[in-house]
Amino acid sequence: MVEDTGRAAKYRETFKEELALSQKEVAALCILMLRGAQTPGEIKGRSGRIYNFQSLEETEEVLQALTDRAEGALASKLERQTGMKERLFSLEGELERLKLEIEELKSAFARFKKQFE
């Protein structure tokens, strides 16, 4: 909303009032808009500057309220993306294997280098 003061135009937020949102709902929406899809735990951990959620349950209640609004949902719950956790475990295993291989190569190179000293 623009305030006419006769000077340079100034703006202020009105979405909180227009949508009748609480501060905790604003916090959750801001995190979702800035970062995209988030888990309730990620929202709880990242919203501290706007609102400090006391528990994961409180965060989930706010998200549910944003989903169930009579005026229209402002958020929606995404289904769990299958394979994400398993893919992470696979990558972690591959990383460990590569670390071991590098250590073996370092050892072999050190032994090879000793032959010429």
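Biologist: How do the residues of the lining of the largest pocket divide into nonpolar, polar and charged?

Modeller: This is a predicted model, so read each value as computed from it. The largest pocket has a volume of about 790 Å³. Its lining has 21 residues, and those closest to the centre are Gln38, Thr39, Pro40, Lys77 and Leu78. By class, the lining divides into 8 nonpolar, 7 polar and 6 charged.

Biologist: Which helix gives the most to the lining of the largest pocket?

Modeller: Helices H3, H4 and H5 (84-114) each supply at least two residues of that lining. With 4 residues, the top contributor is H4.

Biologist: Which helices do the buried residues of H2 pack against?

Modeller: Helix H2 covers residues 23-35. Its buried residues are Glu25, Val26, Ala27, Ala28, Leu29, Cys30 and Ile31. They pack against H1 (15-18), H3 (40-46) and H4 (56-67).

Biologist: What distance does H2 reach from its first C-alpha to its last?

Modeller: H2 has 13 residues. At 1.5 Å a residue, 18 Å is expected. The model comes close to that, with a reach of 18 Å.

Biologist: Which residue follows H2, with a positive phi?

Modeller: The helix ends at residue 35. The residue after H2 has a phi near 85°. That residue is Gly36.

Biologist: Is Val62 buried or exposed?

Modeller: Val62 is found in helix H4. The cut-off for buried is under 20% relative accessible area. Val62 has 5% relative accessibility, so this residue counts as buried.

Biologist: Which residues is Val62 in contact with, leaving aside its neighbours within four places in sequence?

Modeller: Take Lys24 to begin with, 38 residues from Val62 along the chain. The C-alpha atoms of Val62 and Lys24 are separated by 7.1 Å. Beyond its sequence neighbours, Val62 is in contact with Lys24, Glu25, Ala28 and Phe53.

Biologist: How many aromatic pairs does the structure hold, and why is the pair of Tyr51 and Phe53 edge-to-face?

Modeller: The structure holds 2 aromatic pairs. In one, the ring centres of Tyr51 and Phe53 are 5.0 Å apart. Planes over 60 degrees apart count as edge-to-face. The planes of Tyr51 and Phe53 are at 75°, so the pair is edge-to-face.

Biologist: At what angle are the planes of the rings of Phe112 and Phe116?

Modeller: The ring centres of Phe112 and Phe116 are 5.1 Å apart. The pair is edge-to-face. The planes are at 70°.

Biologist: Is Phe116 buried or exposed?

Modeller: Phe112 has 45% relative accessibility and counts as partly exposed. The cut-off for exposed is over 50%. Phe116 has 61%, so Phe116 counts as exposed.

Notes:
Residues are numbered from 1 along each chain as its sequence is written. This is a predicted model: local features need pLDDT of at least 70, side-chain atom pairs count only at pLDDT 80 or more; totals for chains, interfaces and linings use all residues. Side-chain values use heavy atoms; hydrogens and water are left out. The expected span of a helix is 1.5 Å times one less than its number of residues. Buried means under 20% relative accessible area, exposed over 50%, partly exposed in between (1.4 Å probe, protein chains only). Contact means heavy atoms within 4.5 Å. Rings of Phe, Tyr and Trp (its six-membered ring) pair if their centres lie within 6.5 Å; planes under 30 degrees apart count as stacked, over 60 as edge-to-face and the rest as tilted. On a 1 Å grid over the protein atoms alone, a cavity is a set of points where a 1.4 Å probe fits but cannot get out, and a pocket is an open set with protein on both sides within 12 Å along at least five of seven lines; lining residues have an atom within 4 Å of a point. Grid points are joined across faces, edges and corners, and a volume is the space filled by probe spheres set on the points. Ala, Val, Leu, Ile, Met, Phe, Trp, Tyr, Cys and Pro count as nonpolar, Asp, Glu, Lys and Arg as charged, and the others, Gly among them, as polar.
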